[in-house]
Amino acid sequence: MTAPTVPVLDLPLTATSLVPSAQSRQTAKDFASDQEVRWCPGCGDYAILAAVKGFLPTMGIKRENLVFVSGIGCSSRFPYYLDTYGLHSIHGRAPAIATGLAVARPDLSVWVVTGDGDALSIGGNHLIHALRRNVNITILLFNNRIYGLTKGQYSPTSELGKITKSTPNGSVDQPFNPLAVALGAEASFVARALDSDRAGLTAVLEEAAAYRGSALVEIYQDCPIFNDGSFDVLRKDGADARLIPLRHGQPVVFGADGEKCVVRRDLRLEVAETDAVDPAEIVVHDALSDDPEYAYALARLSDQDLEHVVTGVFRATSRPVYDDLVRSQVSGPRPGTPDGLAATQTLLTGSDTWTV
């Protein structure tokens, strides 16, 4: 797959820098590459790819201003299947490469596609630093709770007792809660969606793409070969008693008839029967809250047994963007600080040395 050559653009550092002033209408077909899509039959990646291709035309961004960076894993084949710029990088390092792109090219919309093994095992270090820095990238983390590409070993999100090729007696590792990890790393935007929920996934993608800073979207995704049916309880009858959808400014109630709700109990959140509590006790979701403890408590409501799974945007707060801060140092001095380029040159040519 090749894409047209695009010159580096000298654009102001604003949220509208990525949006061209005028362009012809784009469709999902415009974003489909000429490569044969090759995942196992029934893989949840197909549904995610379809949702992304259907969503991209709504962004109002030309294909040549979009870049998808991936690491290693089944999910990391994603750039081959989109007719945008793309880079299939090395294991776990996609956030680092995406950081360089975002800093150097403010005219690009930079996306990272990764999996639970790629992002949270060898790539865990790179992921948390991209989040704490608040780099202007959108990260899609496909979580199928297994290593698929390398044929079925347990991953950092596999549940306790998981029997796999690498844990024949059952895993004894405490699994990561990806969104709790992200919030602990000071992530400003975190969300979760289910691969088969096209409407919910698209809604989350829209908010993540519009967010300026690091946006992490965890997507529960089925691996039919090595972890088949791992999320079936969220797709079958009775799933609405497990899924807790978040809507900013709305009470957190769920179930077929809103019979369940989320309430605050001391420093944590709990699920309760709606008709058994005072309506004033029901939590009203505030995705814009600066309180990270609230979003963390929401993340901890999702159990490994999938008894309750929160979906939607957990947190979307505003703070300085890493890309802008780096470029401001290079482009000129801030009040009370030396010129960025001059300070760097002084450091390189200085006499501050040691003899060992």
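Author: Helices (H or I, at least four residues) and strands (E, at least two) are DSSP runs, numbered from the N terminus. This is a predicted model, where local features need pLDDT of at least 70, side-chain atom pairs count only at pLDDT 80 or more, and totals for chains, interfaces and linings use all residues. Residues are numbered from 1 along each chain as its sequence is written, and side-chain values use heavy atoms, leaving out hydrogens and water.

Reader: Okay, is serine 214 buried or exposed?

Author: Look for serine 214 in the loop between helix H6 (198–210) and strand E6 (215–220). Buried means under 20% relative accessible area, exposed over 50%, and partly exposed in between (1.4 Å probe, protein chains only). Serine 214 has a relative accessible area of 0%, so serine 214 is buried.

Reader: Which residue's backbone oxygen lies 2.9 Å from a polar atom of the side chain of serine 214?

Author: Start with what serine 214 touches, where contact means heavy atoms within 4.5 Å. Leaving aside residues up to four places away in sequence, serine 214 touches Ala130, Leu131, Asn134, Val135, Ile137 and Phe189. The backbone oxygen at 2.9 Å belongs to alanine 130.

Reader: Are helix H1 and H6 parallel or oblique?

Author: The axes (lines fitted to C-alpha atoms, for helices over the stretch in contact, with angles from 0 to 180 degrees between N-to-C directions) of helix H1 (residues 45–55) and H6 come within 10 Å and cross at roughly 50°. Angles under 35 degrees count as roughly parallel, over 145 as roughly antiparallel, 65 to 115 as roughly perpendicular and the rest as oblique. Therefore H1 to H6 is oblique.

Reader: Arginine 145 has a positive phi though it is not a glycine. Where is arginine 145 found?

Author: The phi of arginine 145 is about 60°. At 4% relative accessibility, arginine 145 counts as buried. Arginine 145 sits in the loop between strand E4 (138–143) and helix H5 (178–184).

Reader: What relative accessible area does aspartate 266 have?

Author: Aspartate 266 isn't a glycine either, yet its phi is positive, about 55°. Find aspartate 266 in the loop between strand E9 (260–265) and strand E10 (268–273). Aspartate 266 is exposed, with a relative accessible area of 76%.

Reader: And which residues does serine 302 touch?

Author: Serine 302 lies in the loop between helix H7 (292–299) and strand E11 (309–316), and is buried at 11%. Not counting residues up to four places away in sequence, serine 302 touches Asn177, Arg192, His308, Val309 and Val310.

How values were computed
A polar contact is a pair of N or O atoms within 3.5 Å; within protein, one must be able to donate a hydrogen and the other to accept it, and residues adjacent in sequence count only if both atoms are side-chain atoms.
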